[in-house]
Amino acid sequence: MSKRKGKVITEATTFKSRKVAAASIEHTPDDANPSHQGICSKAFAQFSTGDIGLIESITLKNFMCHHSFGPFQFGPNVNFIVGHNGSGKSAILTALIVGLGGKATVTNRGMSLKDFVKTNENTADITVKLRNRGPDAYKKDVYGDSITIEHRLSSDGCRTCRLKSKSGHLVSNKKEELTGILDHFNIQLDNPVSILSQEMSKQFLHSKSETDKYKFFMKATLLEQMKRDYIHIKHTKMVTREQVERQEECLKDLKQEFLQKKERYENVASFSDMKVVLENLKKAMVWCLVSEKEQLLKQLKEDIEKEENNYKPKDNLQLCQTKIIQLEKKLQCIKSKIDTLREEQESLSEDNVKLKEQVKIISKAHKDQEVIYFRALNKLKQSEQEQNLLQEKLNKAKASKSLNSEGDSEYTKRQKSLSNLKEQLAELENKCTHLNQDIKNKHQALLKGKEELDKLRLEERNVQASYESKLKRKNQLLASRSNKLKRFGDQVPDMMSAISEAYATGRFLKRPVGPIGACISLKDPSLAVAVECCLRSFVKAFCCDNYKDEAVLQELMTRFYPKGNRPQIIVSPFSDKPYNIHGSMFCFHSVLFHRKAYHPEYPSVMDIITATSPVIINCLIDMRGIESILIIKEKDKARRVMQHCRPPKNCREAFTVEGDQVYPNRYYTSDFSMARYLGGDIETEISMLDSDLENYQAQLSRFQLQVNSVTEDIVNMESNLNNTILTMKATLASVNHVKAAITDLVTASEEQINDISSLEEVAQENQQKIEAEKQSVQEAKAELDKQRKMAEDSDSKYSSVRDRIDQLLEEIEPLKDEQLKLETECAKHERNLKILENKVKAHDDNIEGMKNELAQREEELQGVRRGPRSLQRENQPSKRFAEVHRSSG
């Protein structure tokens, strides 16, 4: 943090020797051991020195994504903070900047302080402890050996700062105090030498401008701040010099005016006489002062008497107390009424609950008795209907008694018809059974036909998709006869033209390179499938030298590719020389690479690739590690080399000629049959695609014939099924008709053979049964009336209790409102009472103060009276003085 303008001159002359604690943040790879996911702070042993401004510890709570972090103790010299990505290294550096009063934008981690508060939390706390020892300590008597800075960040973006001493005592919460501490300790938060963030380091490393580096140097060495301070001092000096010159001119005029005034004063004629008059006036002034004080004393006595006779505050207080007593009495009366009504309400509530249960029981008994009554009544009606039927049968039997011999022949004829109808019914039922089975079989056959049709259509769609894919690939290959770039997509030539135009207009610092597959060739074309399986999506990727060029390339890609289907862009500084991978190891972008894999029989991917530029080889080494991947054509040999014994040194994987991927502990079979981008013989692939397209066309024709045939079969089966269902419905209608005829014949036969005597006995028994059921109905009716009367009585009692409870509620509500009103009024008068008590107390205190002031002024008056008398005794007053004294007395 730069020093303030007001302290430039004073601090420029002060030199303090301080030790600076340097911090280094190291990012470990993501694939490190997961069992060490914490962060550790390694510090040298602290020395018992008198350093100031050293960071002793830092503690975080609800900061960023950490609930409770720390405290972290730091050593007096160099500290290293290491840990996995996401473990909190950057959080400590960010908290240190914010905890020492830095802005959120300085951290490059957020735009506002609320971004540092953990999600679903209201506040975040940062505690930083600074050492404060030795002769250069800041306010050693106030803070002690250490200064604790506590920052609290709220979710609405506000912050509060508290500065505490070593003992924990709060010293200040002002930002100016923190600024003074940072200036005294020479802690500069915006100096990249003190705190170098990741974004600033990237900007510095990627910057190619000498001007930017010089600005960074000026800022880091504080020369830029010193330049601004020097300009400010120079301007202040010039302004001060101008002011001094103007004041010197004014001083000359004032000196001349002083000499003139002095000369006039000395030339006054009657100066000695005026001195005598002045002495007399001074004495008269003393007596005037006595008179004034006596007048003030008299006025003060009158005011005291007036205040003592003012009984209005006490009267108001007594009146307010009387009102409060009256309100409390009314309130007590209302409360007693409410309590009485509530007691009655509670008593009625208990009776209400009991009556409610009683009403439920009686109502249930009434409903049960009602059910019993209606059952008996229905039973009686049913018996009466049966009696009527028996009477009709008896009458018919008596009428049929007079039949002659023709009646017997009619009965025989009826029996034959009944036999024929039963045989016909058996045949129809047998036919229904067969038709039902036939419907089930045809329905199952129809479902199987539809399933087969769905399968055929699915296979046809799959073949059609494969056909379209092969046709698209063929068109790409035909187009690539004249332009190799069309292998990587129809839009690639147009995009390369757009890249050339953008480079020509200066939009790119360095022309992007790509696609990578178009920039490489194979020494052995038979290994195209293996290399393509190894490189995968990198075949269509592009290389950029810097992030600015990447942004321009991304913008160009939006014209030719849909979102989510764009080629990958690899950003890496271009180099004219390939990496030296034959040494022991090499370092690139802080990543350490081992030397090249070597095997006497099998080459690496890097050995069989020839690139148009070293940028391509370096990029594939960075992103895919092609120097450590071997090509072993045979599967068995690949398994033996990689898995049956120890893999070759520096080799981590291998590929076979079919594209299978071989690791020391696993094997993946390739799904590629031929190379799409790196294949050399286009005509062979086109001929193979023509053969595949012919096969797919033949399969589509065959599928079309099968679909048509199956569709015709389904239509025929649906027609047969509908005809069978119609036949089944007609047969069922015939069965129902025959059953109805049989029932009529059986009923007629039974009526004719009934015995008159037996019918009379049954009718007599049924009549006795009807008499008994009538008796039961009368008894049930009497019991029902009894239960109804009880239910009505209980309902009446329950309703009266319920009405009384409602009435009590209606009576209580206005009383509650009146109680609330009285309580509000009482509270208001109590507040007024306190105000009036304070006024009475202030009135009494005012009288007491006025009496004290009266006594004090009487003492002053006695002292003032003694003064003039002594002056009168020492110096005889002149006639003029006596006149003045009399007039003032």
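Guide: Start with burial: a residue is buried under 20% relative accessible area, exposed over 50%, and partly exposed in between, with a 1.4 Å probe and protein chains only. By that rule, 34% of the 889 residues of the protein count as buried. This is a predicted model, in which local features need pLDDT of at least 70, side-chain atom pairs count only at pLDDT 80 or more, and totals for chains, interfaces and linings use all residues. Residues are numbered from 1 along each chain as its sequence is written, and side-chain values use heavy atoms, with hydrogens and water left out.

Visitor: How many helices and strands does the protein have?

Guide: Helices (H or I, at least four residues) and strands (E, at least two) are DSSP runs, numbered from the N terminus. The protein has 18 helices and 19 strands.

Visitor: Why is helix 4 described as largely enclosed by the rest of the structure?

Guide: An α-helix has 3.6 residues a turn, so residues three or four places apart point the same way. Helix 4 covers residues 175-185, and nine of its 11 residues are buried, so the rest of the structure largely encloses it. Among those buried are Glu177, Asp183 and His184, along with Leu178 and Phe185. Asn186 follows helix 4 and has a positive phi, near 60 degrees.

Visitor: Which strands are joined to strand 6 by bridges?

Guide: Two strands pair if DSSP finds at least two bridges between them. Strand 3 (residues 52-63) runs antiparallel to strand 6, with seven bridges joining them; Leu60 has Ile126 as its bridge partner there. Strand 6 is also antiparallel to strand 7 (residues 146-154), through nine bridges, and Arg131 stands opposite Ser146 in strand 7. As for cover, seven of the 10 residues of strand 6 (residues 123-132) are buried. In a regular strand, side chains alternate between the two faces of the sheet.

Visitor: What does Gly99 touch?

Guide: Contact means heavy atoms within 4.5 Å. Leaving out residues up to four places away in sequence, Gly99 touches Ile126, Val128, Ile149 and His151. Gly99 belongs to helix 2 (residues 89-99) and counts as buried because its relative accessibility is 0%. From Gly99 to Thr59 the C-alpha distance is 10.0 Å, across 40 residues of sequence.

Visitor: Is Asn62 buried or exposed?

Guide: Asn62, in strand 3, is buried, with a relative accessible area of 7%. Its contacts, not counting residues up to four places away in sequence, include His67, Phe116 and Thr123. Asn77, by comparison, is partly exposed at 24% and sits in the loop between strand 4 (66-73) and strand 5 (79-83).

Visitor: How many disulfides does a search of the whole structure find?

Guide: A disulfide is a pair of cysteine sulfur atoms within 2.5 Å. The search finds zero. Cys543 is in no disulfide, its nearest cysteine sulfur being that of Cys619, 3.4 Å away. Cys543 is buried, at 2% relative accessibility.
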